[in-house]
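Subject: Structure for you to look at

Hello,

Here is the structure I said I would pass on. Please open it before you read the rest.

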There are 2 protein chains.
Amino acid sequence: MGRTSDAKRKILDAARSLIEERGYSALGVAEICAAAGVPKGSFYYFFASKEALALAVVDEHWAAQKRAWTRVLTGEAEPLRRLRQLFEETEAGQRAAQEGCGTVSGCLFGNLTLELSNQTEAVRGRLQEIFDAQVDMVESVVAEARERGEVAVTDPREAARAVVAQLEGQVMFAKLYNNTGRLGPLWQNCRALLGTTETTLA
Amino acid sequence: MGRTSDAKRKILDAARSLIEERGYSALGVAEICAAAGVPKGSFYYFFASKEALALAVVDEHWAAQKRAWTRVLTGEAEPLRRLRQLFEETEAGQRAAQEGCGTVSGCLFGNLTLELSNQTEAVRGRLQEIFDAQVDMVESVVAEARERGEVAVTDPREAARAVVAQLEGQVMFAKLYNNTGRLGPLWQNCRALLGTTETTLA
């Protein structure tokens, strides 16, 4: 890898860590560059602004998370089994991150939503697209389960929104109490929200 | 009101508005004092630090919200009716705030949880106490409804946590999409989470 792309990579990694740790507003470009070990001049070679960097961090994180969600939610298992796996992987991911840095960092998109959505329209727009895509993915699985007579929902989109909202709310509490055990009831709550009729996953 | 308490009031009001608008980290004491129209010396007469001010803002907001939650949740109506009223008043409050400032500001406690809980243990501790108290209040109503045979939950505390998580998640989306309509399905989702058997509130 050449020196140039290496510097960009270092800036993205440092920004991602710092944003997860302390949020976006408290950060300055100089601090990000110091953490990345690159001269400040490099920053503006790659990014027009701190906001542009935040969008790049969000895009990169979503690209990875979207791959994971797609793998789980479009897999070969039965639809409700896939949804359950999504929660289990979410809990495992938060636990692994906690073991790495000592604290539950929560959901990068949720964190930035509450910190930034009223401050920059570019970030707000990007986060809306991401949550819309998450709801789309969950909705597809719910609709599939509905066709199989496994859930009792009348509006799969609204149900999918409720499931993603429950996920974000419980991840918030996992972060607040620094306790990934808070994510344990996610599947049971999801079943209640969907009115599952299927019993083998109880 | 004397000049002294007046200055403290102005600092608290300015800080509350600025925190709701832009979060805590991005703010400086000088900016808060400028917005409040008080000299910077006054700040340190009333508050030992910016963190102490944040705690005072949180405490004041919770004192008011706790009064409102207590009024609604310990009222004379049937338990599920009271819970429904809580969501309706939350939606009305967010709508009134949006009409005032143009944007849905969301939940001050949720915002600070995601922005700050991994940064200051004092704020984390205070927010934990507040959300514990919210869950306590919802749990009491759920337990009451359970005794009346109106809900199907086996664990009222876990159910109350799910309800508060759903509330926080949907308020997050109301903020992200700047749309209080996102709070409309709260009651239906709460009914699903509780497995309500009672039909008059459908």
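Below is what I found, going from the single chain to the interface and then to two residues.

Please keep in mind that this is a predicted model.

**The chain**

Chain A has 202 residues, and 53% of them are buried. Its secondary structure comes to 9 helices and 0 strands. The order from the N terminus is therefore plain to write, α-α-α-α-α-α-α-α-α. Along the principal axes, the C-alpha trace of chain A spans about 60 × 35 × 30 Å. I also checked contacts in chain A with a separation of 6 or more. Of these, 64% are between residues 24 or more positions apart.

**How the copies are related**

Chain A can be laid on chain B by a turn of 180° with a shift of 0.0 Å along the axis, and the RMSD is 0.0 Å. The two copies are thus related as by a two-fold rotation axis. Which surface does each copy use to meet the other? The copies meet through the same surface, because 100% of the interface residues of chain A are also interface residues in chain B.

**The interface**

In the contact between the chains, 40 residues of chain A meet 40 residues of chain B. The area buried between chain A and chain B is about 3700 Å². Carbon and sulfur atoms give 60% of that area. Three residues stand out: A:Leu114, A:Met172 and A:Leu176 supply 18% of the area that chain A buries against chain B, more than any other three residues.

Next, the polar side of the interface. The count of salt bridges between chain A and chain B is 0. The rule does find 18 residue pairs in polar contact across this interface, both partners being at pLDDT 80 or more.

Which elements of chain A give two or more residues to the side that touches chain B? They are α1 (3-22), α6 (108-116), α7 (121-147), α8 (156-176) and α9 (186-194) of chain A. Of the elements, α8(A) gives the most to that side, with 13 residues. By type, the residues on the side of chain A that touches chain B divide into 15 nonpolar, 15 polar and 10 charged.

**B:Phe131**

This residue is found in helix α7 (residues 121-147) of chain B. Is B:Phe131 buried or exposed? Its relative accessibility is 1%, so B:Phe131 counts as buried, the cut-off being under 20%. Leaving aside neighbours within four places in sequence, B:Phe131 has contacts in both chains. From chain A, the partners are A:Phe173, A:Leu176 and A:Tyr177. From chain B, they are B:Phe109, B:Gly110, B:Thr113, B:Val164 and B:Glu168. B:Gly110 is 21 residues away along the chain, and its C-alpha atom is separated from that of B:Phe131 by 9.4 Å.

**B:Arg82**

B:Arg82 lies in helix α5 (residues 79-101) of chain B. B:Arg82 has a relative accessible area of 6% and is therefore buried. Not counting residues up to four places away in sequence, B:Arg82 touches B:Val72, B:Leu73, B:Thr74, B:Gly75, B:Ala77, B:Val141 and B:Glu144.

Best wishes

Note on methods: Residues numbered from 1 in each chain as written. Chains lettered and ligands numbered in written order. Predicted model: local features only at pLDDT ≥ 70, side-chain atom pairs only at ≥ 80, totals over all residues. Heavy atoms only, no water. Least-squares fit on C-alpha atoms with pLDDT ≥ 70 in both. Contact = heavy atoms within 4.5 Å. Helix = DSSP H or I, 4+ residues; strand = E, 2+ residues; numbered from the N terminus. Buried < 20%, exposed > 50% of the residue type's maximum accessible area, 1.4 Å probe, protein only. Buried area = accessible area lost by both parts, 1.4 Å probe. Salt bridge = Lys/Arg side-chain N within 4 Å of Asp/Glu carboxyl O. Polar contact = N/O pair within 3.5 Å; in protein donor to acceptor, adjacent residues only side chain to side chain. Nonpolar A, V, L, I, M, F, W, Y, C, P; charged D, E, K, R; others polar.
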